[in-house]
Each structure stands twice: as structure tokens, then as C-alpha cells.
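Read it with the structure in view.

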Amino acid sequence: MKWEKLLSGGRFGDGPKSGINQESGRSEFEIDYDRIIFSAPFRNLQDKTQVFPLPDQAFVHTRLTHSLEVSSVGRSLGKGAGEFLLEKFPNLQNLGISSSAIGSIVAAAALTHDIGNPPFGHAGEEAISDFFRLHAEGKVWEKHVRVDQWADLINFEGNAQGYRMLVSKQFGLKLTYATLAAFTKYPRPSLIAQRDIARKSQKKYGFFINQLADFEEMAEVLGVEKISMDTWVRHPLAFLVEAADDICYSIIDLEDGCTMGLVTFEETLKLLKPILGDKLDKDKLKSRTQSQNLGALRALAIGQLIRETVAIFGQYEEQMRKGNFDKALTDMIPSAKALSEIAALSVQKIYRSKVVLEKEAAGFQILEGLLSVFSNALYHHFYAPEKFSGKDKSILRLLPEDFPMKGWGAAVNPYPLLRALVDFISGMTDKYALNLYRKVNGIAFPGG
């Protein structure tokens, strides 16, 4: 793969072009960033779970604050990698590519990295998958769709949902191909002939089957190469987006856990010490509050991890372009062991804490309940009209005005209909999902 094509400023649907917008003087990738940050899907992240569902503490991170932080780290990683690339490939400057432009690609892609996540975080992903995989109201659809479509439904993936939203005409984002590719950590559909477990990029999937043509268009413009008939290699900048996320959730989830009293300050300091090295000045800790100390330690740790990751990117850049490197960059840096120890403690004391598990359990109940109510109404209306009730009729009136309610029936494949339903449910904020669940189940009365 060649950087001249990988950094194309062309927009989805328009084909390749330069990276500078002649009207505004901004790079096309800066425009990507602005379009994302003003979009409705991005604003919805302010009320979606990061780790702690419906947090009472204002300081604790939501998906929105997490995404902004990942984007900030991503910009620094991209600029650092960009300086390396421009030194190695000086001809990129003739194409209007700067280190800042490369930083903007990573920043924009990182800003959207969680945009497809449903309410209640990873528990929400499992709840949607389980509904179609295990519940009678969901399994009833299996005989109406293709095998590859069913694989999408029983393995809901926030990354694929995000890609769907970014290329959807509904939101009108029309991002550059480079930003879309940097976003795509898992360049494959859900159902493939064989998964290579040694490749990090095949751990999950990155687009639904009805976005296959969209992905193929993007890959062709950028020159992203195929590994096999149904899988591609990652765009090299996707490794930086992944690293930005890994750095932030490792350090900041630990910070949140300490703030909430799930991890002691002493434990936090011990875990961060191997990363900080001689940058840790214990004397300065004595004159500041715990909150101030956590902020200072977080900044120092993230700065060090950024430097280490940029250096590793330069080391493996050629192998990435050739498709021979497929690991997480943060697994290769000097601080990898320290991050692994942070992850182990986070699983034990944060991600499996009582407050998280209790609210995740509620998330399962809420999403499965909403899917059951709306799925039943749709199925009765179009595929079992003899069961269509007054309750079903009222439920369907709660769907969005632009929901596709025409053209379905026993002889029609309902996969697009189900995708629209999952769009509706997964696009909800945590509180909206909770409130709607209460209302449709008679637990709370509208306006009460």
C-alpha cells in the first residue's frame, strides 16, 4: 500500500482528490472533525455509558468525554507519526500533506470510534445479540433472512454500527475515505470463511453485510489490500486510533476507579510508576489534593505512552503497509507490561464492581425489553397479521417518523427493516432507553 493513496482527501462517494479544501483553506480531514463534532450521533454520546452506567458523579467519564480525550491523544499520535512519514516520504508534502493533516485524520477517526455503541456499553451489545440469538421473539426472524444477515444480527458489533452511521446518507457526514479507513479497526464482515486468530484486525468485524459495497469502494480508492476473499488489511492509521483508545481507557478508567473509591490511590500510584519512571516526583504529591495528583499522574502517563507508541509506529510502518503487522501497538511498547497489569486490576476491581454489574444487568433487561416490544409489533404487522393487536399499533406509532414502514411482507426479506430497528434502539441514550422502557411496559406513565 502507498501513502499517496492511503491519505486521499476524497470524500465517500466522490472518488479521490487532494487533501486541501480550496474554499476554506482547511484540510479535508479538519472538515471531517467539524462535521462529526456537530452531528447528532456524536452529541448522543454525552448520555451513553463508558464504564459506569448513568453515573451520579459529574467527573466520571461518559462516552462523549472519553471520545474527546481519545481524539486528543489520537491527534498527538497522528502528528508524531506524520512527522516520521514526511521525513521518510518527503514527496507527500507536494500533495499538500502535513503532519497536522495526518493528526487530523487520526483525531477525526478517534472522535467517532465509539459512535456506534448502544446504550449501556458492551452490555448493550450483548443484549442486542442475545435478543436475536436466544429469545423467541428475536429468533422468529431467522427463517426470513440470509445466513450472512443473520450473523450480523446475532453478533451485534458497535464498530460495524459506527461504520454504518458514518456512511449513511441519513446523517450526511460524507467523511473522507482516509478517516473512514482509519476508523475501521476490523476490516471484515461478520461471516467469513476462516478467521486468523493471530491477526488483531480479525478479532471482531467492522461492517454489516449491507455495507460491503461501501467498504469495497473505500478500499479501492485508498488501495487497501485484501488478505483473502472476504478480509482486508488495516489502514496503518487505524493502529493509531486503536492505540489512542487503549491508552485512554487504561489510564482514565483507572483514574475513575480511584475517584469512585474502587481502587486506592496507593494502588493507582504503584500501577503508574513503571510508566512514569523518573518523571514521578513524590515530593510534589504531598502538596496537592488526591484529585490534583490523579490529574497530574494521568497527564504524565499519557504523554509517555504517546511517545512510546509513536516510536513503535515508526518501527513497524513498512510492515503495516505490507499487511505483515497486525498487533496492538500498545502491546509492543516498553510500558506494555504495566498496561497489562492495569488491565488486570481494572477487570477485577472496576469492570466487575457491584455498581457496574448491577447497572449492566438493568441494561440487559431494558434493551431486551424494548427489542421485544417493537420486534413483536413489526413481526405481527408484516409477517403474522392475524396476531396484529391494538397494542402493536400503538407501539409502532412510537417509531421515528422516517422509519421504513412500507414494502414489507411474507415474501420480502426483512433484514433492512431489522437494521432500521437496531439503528433506533442502539442510537438511544441510556436515559432515553430507560424512560421509554418504563413507559411501554406501564412502569411509568407519560408525563407523570
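Buried means under 20% relative accessible area, exposed over 50%, and partly exposed in between (1.4 Å probe, protein chains only). Helices (H or I, at least four residues) are DSSP runs numbered from the N terminus. This is a predicted model, in which local features need pLDDT of at least 70, side-chain atom pairs count only at pLDDT 80 or more, and totals for chains, interfaces and linings use all residues. Residues are numbered from 1 along each chain as its sequence is written, and side-chain values use heavy atoms, with hydrogens and water left out.

In helix H5, 12 of the 13 residues are buried, so H5 is largely enclosed by the rest of the structure. Among the buried residues are Ser99, Ile102, Val106 and Leu111. Their cover includes helix H4 (63-88) and helix H12.

Helix H13 has buried residues too, including Phe265, Leu269, Leu272 and Leu276. Helix H15 (290-321) and helix H16 (336-351) are among the elements covering them. Just after H13, Gly277 takes a positive phi of about 55°.

The expected span of a helix is 1.5 Å times one less than its number of residues. Both helices agree with it, as the rows show.

Conventions. Helices (H or I, at least four residues) and strands (E, at least two) are DSSP runs, numbered from the N terminus. Contact means heavy atoms within 4.5 Å.
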